[in-house]
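Visitor: Could you take me through this model step by step, beginning with the protein and the DNA?

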There are 2 protein chains.
Amino acid sequence: MEESTTTIYDVARVAGVSMATVSRVVNGNANVKEKTRQKVLDAIEELDYRPNAVARGLASKRTTTVGGVLPTITLPYFAEIARGIDDIASMYQYNVILVNSDGEEEKELKVIESLFSKQVDGIVYMGSFMTEKVRKQLQSTRTPIVLAGMIDVDKRMSSVNIDYRLAAHQTTSELLQNNKRIAFVSGSLEEAENTERMVGYQEALEEAGLKFDESLVFEGNYSFENGLALAEQMLSKKIDAAIVSYDTVAVGLLNALLAKGVKVPEDFEIISGSNSPITAYMYPGLTSVNQPLYDIGAVSMRLLTKLMHKEEIEENQLILAHQIINRGSTK
Amino acid sequence: MEESTTTIYDVARVAGVSMATVSRVVNGNANVKEKTRQKVLDAIEELDYRPNAVARGLASKRTTTVGGVLPTITLPYFAEIARGIDDIASMYQYNVILVNSDGEEEKELKVIESLFSKQVDGIVYMGSFMTEKVRKQLQSTRTPIVLAGMIDVDKRMSSVNIDYRLAAHQTTSELLQNNKRIAFVSGSLEEAENTERMVGYQEALEEAGLKFDESLVFEGNYSFENGLALAEQMLSKKIDAAIVSYDTVAVGLLNALLAKGVKVPEDFEIISGSNSPITAYMYPGLTSVNQPLYDIGAVSMRLLTKLMHKEEIEENQLILAHQIINRGSTK
DNA sequence: TTGTAGGCGTTATCAC
DNA sequence: GTGATAACGCCTACAA
């Protein structure tokens, strides 16, 4: 109930020391005699003193707050990464301001601007595509940036990813064991992750002595509805298996296939791209590439702390290991 | 690239006015001659000046940042609410710091403490249960709080919810059209939302002339696994329908039933509690109570803005309308 | 080891 | 309408 904010100054008075000493104690500075440290701690306790991070931020130019930019937190893919970020952030005493951009440039520029205005110490950028304007905006300051789950084409920005090409290669090969006509379903091929996947897909085909058929490539968006709509086309094209980058799309596809009486995996096999919880919720469960999303977030944030503390970085393009989780949607 | 932060002072110099005037312009204060306003705006443009929210926060004691406390952002239920919060927050020029508590008191106290330290202007609290310590902590300051999707037992804190009792009553009644033995599956009955639901369930039974059977009540956690495990028990108890508070649990139940060859909805009907996207993803889709989660978040944040701006509130216990979305899991 | 004093970038209160 | 001039709460040389 005490509204009058108690400051470092009040603590100093009660403890009978100067505010500088209180500041030292609060910041864990070693150069304080144990006895005075204790006096200060007692005073802090007594007054229920709470450091004001805003004042601290102004004086030290470090806010211990980072920004997290993502299209929308409602996609499990991003929520999972965000959770990894938050855990490591809180471990290092940072808070994270999450901003949703909906992937709209206009909005993205605006929210990033607000992040800068709040003087965040760093930014983790999630998403799939970065427009030129956003890139410029992000690079117009010295604020460290890490891309989580997104490849930087010119490798200037730090990033944390899995090897999308390899994963696509492996899953395609797996499907090729029982199938010939395999669809490649991804998001926009303007996004580097997807072109990487495409290469992996093509490599696997070639390895199996099959030729690439462009009509088996489906470029679409993230949505469940997109997946639903795909089933029809797949069947009419006599496709018998699919690797799908986004889980929600894979789920939609599975759902529509089941509704049409198609047996999965007997008549159609599916492997989805990121093993979010929903892949396990389905019946049958979706065999899926396990992107370690939480880890991608966690490692990104860890990398960001190093950048913010100006530590030496050995490698700024991190690749984490993925696995393939076999469930009911494949034989 | 310009690292030297340009301040309000630089702008003043370039525009040939005092910093006070610049401040007025930046804050849209009316008492500025149009001509000088233009000079200032030009200078701002020229210097690419960006207001420092931290300094502003210190001077004005308002940070235009709010905190969002939730168990974990990875549950779609909370992600959806969080999205509603963020949209309205950004509409009112607020940013939100999201903190995950995992529902652990210790951690929750810590993250809320960090929120206060950051001088947030308000807090939206999501979750299902608030311990006494947390309640005390939250009420130890004048920072406005709004509970989103959570009932405050003594109605002191503002909150936004749906009418859980009514929803449970309706769904139970719906299931009673074709079934006699209906399970009530919820989270902890220590949580007010769940006891409300329980009352609605009992009301419906009574209305149908059935007596309440305690062995049909399943109190568990949020998890998919919990749902999976339930199927076995349900079948052995000859239960033929269930209303399930949490979607993930309902999904697990559905999944396990299908795996056991039980036909849904022919042999077993399910209605789940919050219509998160996954309910639609399932096959068959889950009939579900549509809790307007996004709106709960949005309305909570709107309410919070009123509280923060000390506007008059007519009612602080808001109830939003719900609907029942019929899908394949009911006849 | 501890204290003094000058910022940090704005807002806000008075005068003019 | 505009300009000084204190705060705001803390950090950080620099002194002592």
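Visitor: How many Å separate a phosphate oxygen of DNA strand C from an N or O atom in the side chain of A:Thr21?

Guide: This is a predicted model, in which local features need pLDDT of at least 70, side-chain atom pairs count only at pLDDT 80 or more, and totals for chains, interfaces and linings use all residues. Residues are numbered from 1 along each chain as its sequence is written, chains are lettered from A and ligands numbered from 1 in the order in which they are written, and side-chain values use heavy atoms, with hydrogens and water left out. For A:Thr36, a side-chain N or O atom lies 2.9 Å from a phosphate oxygen of DNA strand C, while for A:Thr21 the corresponding value is 2.7 Å.

Visitor: Which element gives the most residues to the surface near DNA strand C?

Guide: A residue counts as near when one of its heavy atoms lies within 4 Å of the strand, and helices are DSSP runs (H or I, at least four residues) numbered from the N terminus. Elements giving two or more residues are α2 (19-26) and α4 (53-60) of chain A, together with α2 (19-26) and α4 (53-60) of chain B. With 4 residues, the one that gives the most is α4(B).

Visitor: Is B:Val262 buried or exposed?

Guide: B:Val262 is found in the loop between α11 (247-259) and β9 (269-272) of chain B, where strands are DSSP runs of E with at least two residues. Buried means under 20% relative accessible area, exposed over 50%, and partly exposed in between, with a 1.4 Å probe and protein chains only. Because its relative accessibility is 13%, B:Val262 counts as buried.

Methods: Polar contact = N/O pair within 3.5 Å; in protein donor to acceptor, adjacent residues only side chain to side chain.
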